[in-house]
Amino acid sequence: MTRDNVTRGTHDVGRREHRSVSRRRFLAGAGALGAAATAGCLSSLGFEEQSARVPALVENRPDAVYHPTHVEAMEMVGMGSAGPYGVALSYSFPHRFWTVSGTDTSKVSIGASDSMHLMASVWHEEAGVVLPSAAASVSVSRNGETPVDRRPWAMLSQRMGFHFGDNVSLPESGTYDAEVTVSPPSARLTGAFEGALGEPASASFDLEFDPETVRSLEFTQFPEKAGSKAALGPMDMMAPKRSQLPPAGEFPGDPVGGATGSDGSDTARSGDGVFVVRTLDAPPAGADGSGTYLVVSPRTPYNRYPLARMSLSAIVEGGGGTRFDGPLVKTLDPDIGYHYGAVVGDLAGGDELTIETGAPPQLARHEGYETAFFGMEPVTLTV
Amino acid sequence: MVRPRDQGLSRRAFVKAAVAIGGASALSACLTRESGPDTPTDASDLPTGVPDPSSLPRRQHAWNDALPRDDHGNHVPPSHRVLLYLDYAGEGTPDDADRETLEAALGSLERAYPRTVEGSDTRSSGLFVTISYSPSYFDRFDADLPDSVDLPEPSALTPFEDPALDTPDALIHLASDYGSVVLGAEEALRGEQGTLNGVDVSATLDGVVERVDRRTGFIGDGLPADHQDVEGIPDSEPVPGDSPLYMGFESGMEKAQAGEDAVTIPEGPFAGGTTQQVSKIDLHLDQWYEQDSRSHRVASMFCPAHAEEGRVEGTGENLGNTNGVVESGCPAHATEDARQEGVVGHAQKAARAREDGDPLLLRRDFDSTDGGQAGVHFLSLQRGIEDFVVTRTAMTGSDLAREGAVGRQSNNGILRYMTVRRRGNFLLPPREHRAFPTPEPS
């Protein structure tokens with residue numbers, strides 16, 4: 001069964017290849033080229049070549065994480081500080097990707113005028129951990145014009161993990177001023193994050209744009225592996241920043257429901273997401289209540305990236321009744337990492353714990369993640 | 001939907017451009033162009049206004065009875081707008097001579113043009129004028145505003161906005177279906193015109209106030225589509241030809257608006273007045289039009305149920321005089337939608353802020369191309385600024401981002417497509433106190 005069968009529908013809202021060029025863009029182009037540009041001339045400038053480079057999607061994509069058809073090198077624009085945050089700005093060749101609205105995905109195709117896929121990673125400098133709960137806006141300007149001013153999508157990719165990204169169009173080669181503004185995370189903040197991260201903060205970068213540099217980024221295809229149940233590994237560049245969650249075997253707390261092996265084997269799976277479930281004797285500072293704190297850490301298989309922006313609930317049944325029935329709260333904690341948690345009171349051996357997914361992760365997806373983490377069935381564990 | 005391209009610059013596009021530019025030459029060009037087959041009454045042949053401006057409603061914001069209505073009974077807002085931000089030119093506080101000059105200048109506009117222009121079978125808006133005053137203005141006086149007026153300094157209201165705060169003393173809002181009328185009124189206030197529509201302009205504001213900012217805009221079917229070649233709108237000309245606003249949907253339906261009575265200050269020396277909040281908002285609609293699906297746009301603007309059930313046709317004119325979110329129980333479902341659907345709608349969130357089922361804000365907002373940027377001048381009237389804060393907080397939906405699967409801005413109404421650049425709060429006094437009021441008028 002393809003994922004299309006389990007969702008309400010998919011849309012392809014990619015930019016129309018045949019769309020006309022507006023007066024504004026036309027004039028910008030004509031000025032740069034010194035020639036009478038027409039709507040049809042883009043192909044002669046090499047834009048078709050760009051799109052042609054990207055291989056077709058594999059057929060029969062599994063309802064699971066799969067190996068993408070290709071990977072491109074990434075060019076680092078720079079790293080900077082924005083208040084308590086570290087920010088890295090980078091770009092690669094324009095990508096196709098999918099936005100997510102509820103259980104619908106919309107494929108965004110590469111547009112004829114797309115210059116690059118611009119990406120920002122945001123982490124907490126002191127904790128060294130990527131923040132999958134913040135929001136970012138990006139503006140790119142030059143000579144008083146601001147061709148890019150938007151909030152890039154919160155995205156998941158196999159090489160980068162959680163980041164912000166979008167395909168953007170720049171009118172011409174040159175040095176642009178890029179500014180990334182980080183908004184406070186929306187998740188509950190606990191531990192050392194409690195009461196912190198309340199203010200927006202910005203970092204600025206010089207963005208050198210040359211289409212030739214973008215075009216010449218290394219590009220590798222995987223005709224054999226494409227479509228198989230596997231994933232590309234995380235990129236080295238992000239190594240100092242923890243974009244991956246700790247393996248199950250190193251995760252804090254007491255395991256719930258059996259296997260937690262030192263080999264990092266996982267307690268439960270749903271929709272190809274891996275759920276690590278733990279209890280702590282007390283909630284972290286910043287979470288109300290007292291008693292056993294239930295921690296659920298859903299992550300991608302292979303790379304252990306957090307599955308952010310989903311909604312989870314827990315039901316605990318035992319002792320002849322329902323001990324707990326309520327939402328698990330999105331929580332950002334420097335020690336536990338991004339997780340979903342709630343104070344559930346006292347648990348007893350034999351209690352049955354059910355974790356239900358409401359909306360699946362509302363994250364845009366790079367190729368290889370767009371069919372996974374939907375149709376997530378309840379997970380049931382015995383304490 | 002693809003809208004046929006106009007051949008050349010359409011009449012209304014030309015008029016909108018002239019309003020944005022302003023000045024005598026724009027006015028002259030505008031008068032020449034603004035007589036056409038779809039003009040209800042020729043702009044150069046409008047009737048004059050009232051002989052005695054004090055016969056007009058006490059409430060400056062009492063526009064509804066004078067506005068045209070559409071087929072569904074919605075009030076149709078005036079198409080062309082100018083906001084003039086003014087500082088008092090003198091030192092200290094204005095005196096009675098300044099008051100007389102200002103009152104005479106405002107009154108001359110009302111004698112020159114009627115609020116309502118009755119055509120043979122249509123009605124249009126002649127000229128509406130309001131003047132309002134900021135907290136900075138009242139700081140000029142030793143006395144404080146009475147407790148019956150809720151007018152704090154403007155402030156940032158979300159964790160992700162950092163607007164510049166407007167502190168000019170006063171704000172004049174000019175509104176008309178005729179671009180030449182707002183331009184002419186502005187020229188008259190500047191002392192550049194001796195007569196307006198054949199009426200002597202008895203006083204000007206030259207020397208009494210200094211203009212520190214000028215913002216312009218428009219609202220109405222087709223105007224946004226005619227002006228989509230600006231930053232913030234993708235090049236594919238995606239704005240529907242029949243949309244009154246850039247985002248492609250109807251807005252300001254009767255049942256989503258507070259009534260004029262409800263926003264009126266009920267007691268104290270400013271009884272009959274109201275408060276006015278104006279935010280200058282940039283729009284970023286590349287993703288909205290190029291990457292989001294129609295279904296997502298409907299869910300984000302209205303409510304997930306509207307998308308699921310296909311309730312919105314085109315720009316949503318089929319909805320009539322209500323956006324339908326309350327009737328569908330959307331506000332009560334906001335948290336559940338954030339958790340189960342992964343999307344919440346803008347109207348759905350905003351409708352959580354109601355008093356006895358009625359909205360708190362009377363919106364008189366409009367779109368703009370100021371600075372070559374697609375934007376909104378979000379002008380709202382409410383009894384006190386706290387009503388705006390409550391509504392804005394409901395619309396921000398931080399509670400939904402925390403409890404549900406939606407982000408602070410992603411899938412959380414239309415927040416990801418807008419940035420608040422400036423905000424100001426103002427008191428719109430009743431007519432008898434509209435000229436340089438003291439904080440304690442008698």
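**A sheet in chain A and rings in chain B**

Mentor: Please keep in mind that this is a predicted model. In chain A, A:Thr175 stands opposite A:Glu208, a residue of β15(A).

Trainee: Over how many bridges do strand β13 of chain A and β15(A) pair?

Mentor: The two belong to an open sheet of four strands in chain A, ordered β10-β9-β13-β15 with antiparallel pairing. Its edge strands, each pairing on one side only, are β10 (145–150) and β15 (201–209) of chain A. Between β13 (residues 174–183) and β15(A), the antiparallel pairing runs over a number of bridges that comes to nine.

Trainee: Is A:Val138 buried or exposed?

Mentor: A:Val138 is found in strand β9 (residues 135–142) of chain A, and, leaving aside its neighbours within four places in sequence, its contacts include A:Leu118, A:Val148 and A:Val180. Buried means under 20% relative accessible area. Because the relative accessible area of A:Val138 is 5%, this residue counts as buried.

Trainee: What kind of aromatic pair do B:Tyr85 and B:Phe426 form?

Mentor: B:Tyr85 lies in strand β1 (residues 80–88) of chain B and B:Phe426 in strand β16 (residues 418–428) of chain B, so that the pair links parts of the chain 341 residues apart. A pair of aromatic rings is described by the distance of the centres and the angle of the planes. Planes over 60 degrees apart count as edge-to-face. With 6.2 Å centre to centre and 65° between the planes, the pair of B:Tyr85 and B:Phe426 is edge-to-face.

Trainee: Which residue has its charged end over the ring of B:Tyr85?

Mentor: At 0% relative accessibility, B:Tyr85 counts as buried. Over its ring, 4.0 Å from the centre, sits the charged end of B:Arg215.

Methods:
Residues are numbered from 1 along each chain as its sequence is written. Chains are lettered from A and ligands numbered from 1 in the order in which they are written. This is a predicted model: local features need pLDDT of at least 70, side-chain atom pairs count only at pLDDT 80 or more; totals for chains, interfaces and linings use all residues. Side-chain values use heavy atoms; hydrogens and water are left out. Two strands pair if DSSP finds at least two bridges between them. Buried means under 20% relative accessible area, exposed over 50%, partly exposed in between (1.4 Å probe, protein chains only). Contact means heavy atoms within 4.5 Å. Rings of Phe, Tyr and Trp (its six-membered ring) pair if their centres lie within 6.5 Å; planes under 30 degrees apart count as stacked, over 60 as edge-to-face and the rest as tilted. A charge sits over a ring if NZ of Lys or CZ of Arg is within 6 Å of the ring centre and within 35 degrees of the ring normal.
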